[in-house]
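Please examine the sequence and the structure shown below before reading the notes.

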Amino acid sequence: MSTPAISAQSLYRFFHAGPEETLALRGVTLIVNPGEIVAIAGPSGSGKSTLLSCISGMDDPTGGAVNICGILMSRQPEPVRAALRRDRIGILKQSSELFSHLTVIQNVQLARAITPSSRTDGTRQTSPSALLELVGIAHRGQALPDQLSGGETARAGLAVALANDPAVLLADEPTGEVDRASERVLLDLLRALANQGMAVVLASHSPVVLAAADRVIQLADGIEVPNGR
C-alpha cells in the first residue's frame, strides 16, 4: 500500500484567552491518499481552517500528529516545518494574495524562486509559463492582479500554489469569490491535478465543491460528525 499523502491522527487544538478555553479540534483524524480530493465541510467555527493550518504546519496541534508523505510535520522546529511545506505543500486561499506590483508570471516566478532548484524526489519542476498554460491564463501572464477578473485571479492563485510542484494542495474556500462558471473551471483543474496523483483537501461551504469531492468530512464544534460521505 502506498504512503498516504496526508496522515493526521487524533488532532486536538485548544486555544486559551485568559480563563476561556476554545476547543477548536477534538480528536479529528484525516487520511488522504495521492489522487484523492477530500472536502472539509461544516459551519463557521467548526474547525475547518484550524485543521488545514495544522496539516500545513502553519499551526501545531495540541495533541495528535500530522505526517506529510510519510514525514512528520507536527512538533518539529519551524525551519523543518517550513522546508516540508515548501517542498511538499501548495496552499490556495480564498483571496489569492498576489503581489499587486508584480505581473501574474512574476508572481509565479517569485513563488518558484523560494523552492529548491533540484528536487530530492527526482520530479521535474514545471516552468512558470507552463503553469499558466495549465490553469488556462497563459495569455494573461503580463497582466497585473488588478487587471484580472475574479476567475482569472483564482486561477493565478492556483498557479502560484502549484509553483513548488506540491504533492499536497490545501485550499480554504477556494471558490468563495468566483462565479459559478469560474468555480466549475477551478474544480475541473483540481480534478485534473488529482488525476495526476496530487492529494487535494478543500475546506468549503459550497455544495458544488462538496459534490465534486471524492469524500466529504463534516465537522461540528471541532468533532467529525457522520454526515459526510
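This is a predicted model: local features need pLDDT of at least 70, side-chain atom pairs count only at pLDDT 80 or more; totals for chains, interfaces and linings use all residues.

Residues are numbered from 1 along each chain as its sequence is written, and side-chain values use heavy atoms, leaving out hydrogens and water.

**Terms**
- Helices (H or I, at least four residues) and strands (E, at least two) are DSSP runs, numbered from the N terminus.
- Two strands pair if DSSP finds at least two bridges between them.

**The sheet of 4 strands**
- This open sheet has the order β2-β1-β4-β5, and its pairing is antiparallel.
- Because β2 (20-32) and β5 (71-72) stand at the edges with a single partner strand each, one side of each has no neighbour in the sheet.
- Strand β1 (residues 6-17) pairs with strand β4 (residues 63-68) in the antiparallel sense over 5 bridges.
- Within β4, Asn67 stands opposite Ser7.

**The sheet of 6 strands**
- The order of this open sheet is β6-β7-β8-β3-β9-β10, with mixed pairing.
- Its edge strands, β6 (89-93) and β10 (223-225), each pair on one side only.
- Strand β3 (residues 37-41) and strand β9 (residues 215-220) are joined in the parallel sense over 4 bridges.
- Ala39 stands opposite Val216 in β9.
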